[in-house]
Amino acid sequence: QLGLEWPLAGAGGAFAALILGQMHFFLFSRVAPKIDGRLQDALAAQESTSRRVNVLEARTDAVETSLKHELTERRDALVAEMRQLEGLIERLSQTVAARTANGPVPANGMAIPKPDPTLQDVKSALADDRVDLHLQPVVSLPQRRVSFYEGLTRLRREDGSLILPAEFLDAARRARLSGMIDALTLFRCVQIVRKLVSRDRRVGVFCNVSAASLEDERFFPIFLEFMAEHQDLSGAVIFEVPADAFIQRSREMRDSMDKLAALGFRFSLDHAASLDLDLPRLQDAGVRFVKFQAQRLVDQLRDENGPRPSSSIMAQIKGEDVSAVFSRYGITMIADHLEDEAGVVEVLEFSVPFGQGHVFGSPRPIKSSLMEETAPPPEFHQRLSAFA
């Protein structure tokens, strides 16, 4: 029996092993896919988590960088503001120190204004009738015959020294004295023109008038009334106004010019900076002369692409034709500040009809005897004082 039991036992063991193997294979084939799926899900979840972590880290770095940049900018701005504030405090301290050094400061904190010596000189010259008229010739080209004079205002101090326009114009404008100065100069210009006419000299006079005078409701009525009394001189007295003031003129200035033009008087624009002028507009306003600084004028005429006047001419205007275009609208070009013969030759190349400058004659005061003859009478001063 023992001999049979061992083979049976071996066969039984092998059969059991086979059965167990089949069962293991069966179970493994059913469970393995589920395990693989879960393993893949776990790996995918791990990968997603890793990506999210990377994104969070990148965002954290970006926020940190932005925060550092913003903090740096705010710090720099704060430092700049502090420096600016320190500068303001320092300048304020210097101003207070300077005002304290110049004199006492009232309780209200307002510094006592210091007297303006130039303004005092202007008022004194007007009160004592120390308003002189200097004349500079304007000549025809190329003949160089004196055709006009420009009347230039000069004020005198008590010691006889001159106060030039560059000194007194701003002070007079601020004190609203421009009208009085222009009125006194205008009176002398009219008297000079009347004497020239009486001698049968066909010479006109450019009389400078400020934009402030044309806009001054106190003084312009005196201007207009006085010129209406001398309307017969409308062909010889030319009112000269700054070109920039005309281009930007106010409604009051335009109305005043219209009233003078209605009496027959003409206008000249002085210190024109560019040839780019509206000729029809100038013609309608009664402008008959335009003065240009000679060298600037030549430079613009020589430049093929330089500024040209606005007109009915559509074609490109050549430099040598510009003067003729002005003349077509009844406007005459004058080259001023001509200081030497070379400048005269350059101007003649472009047929500019008139010139003015030291090369033809510097401004000279009229004779003392003529000063007395053309002095405004007391009643004229009284009329001005009534509006002062």
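Let's start with contacts. Among contacts in the protein with a separation of 6 or more, 69% are between residues 24 or more positions apart. Keep in mind that this is a predicted model.

Now the overall picture. The protein has 14 helices and 10 strands. Of its 388 residues, 37% are buried. Its accessible surface is about 23,400 Å². Carbon and sulfur atoms hold 56% of that surface.

On to helix packing. Two packed helices are described by the angle between their axes and the distance between the axes. I have two pairs to show you.

Pair one is H2 and H3. H2 covers residues 117-127, and H3 covers residues 165-174. Their axes come within 9 Å. The crossing angle is roughly 85°. Angles of 65 to 115 degrees count as roughly perpendicular, so that is how H2 and H3 lie to each other. Who makes the contact? From H2, we have Thr-118, Leu-119 and Val-122. From H3, we have Glu-167, Phe-168 and Ala-171. By class, that is four nonpolar residues, one polar and one charged.

Pair two is H6 and H8. H6 spans residues 220-229, and H8 spans residues 251-262. Here the axes come within 10 Å. They cross at roughly 10°. Angles under 35 degrees count as roughly parallel, so H6 is roughly parallel to H8. Which residues meet? Phe-220, Leu-224 and Met-227 sit on the H6 side. Ser-256, Lys-259 and Leu-260 sit on the H8 side. This contact divides into four nonpolar residues, one polar and one charged.

Notes
Residues numbered from 1 in each chain as written. Predicted model: local features only at pLDDT ≥ 70, side-chain atom pairs only at ≥ 80, totals over all residues. Heavy atoms only, no water. Helix = DSSP H or I, 4+ residues; strand = E, 2+ residues; numbered from the N terminus. Buried < 20%, exposed > 50% of the residue type's maximum accessible area, 1.4 Å probe, protein only. Contact = heavy atoms within 4.5 Å. Areas by Shrake-Rupley, 256 points an atom, 1.4 Å probe, with all protein chains shown as cover. Axes fitted to C-alpha atoms, helices over the stretch in contact; angles between N-to-C directions. Parallel < 35°, antiparallel > 145°, perpendicular 65-115°, else oblique. Nonpolar A, V, L, I, M, F, W, Y, C, P; charged D, E, K, R; others polar.
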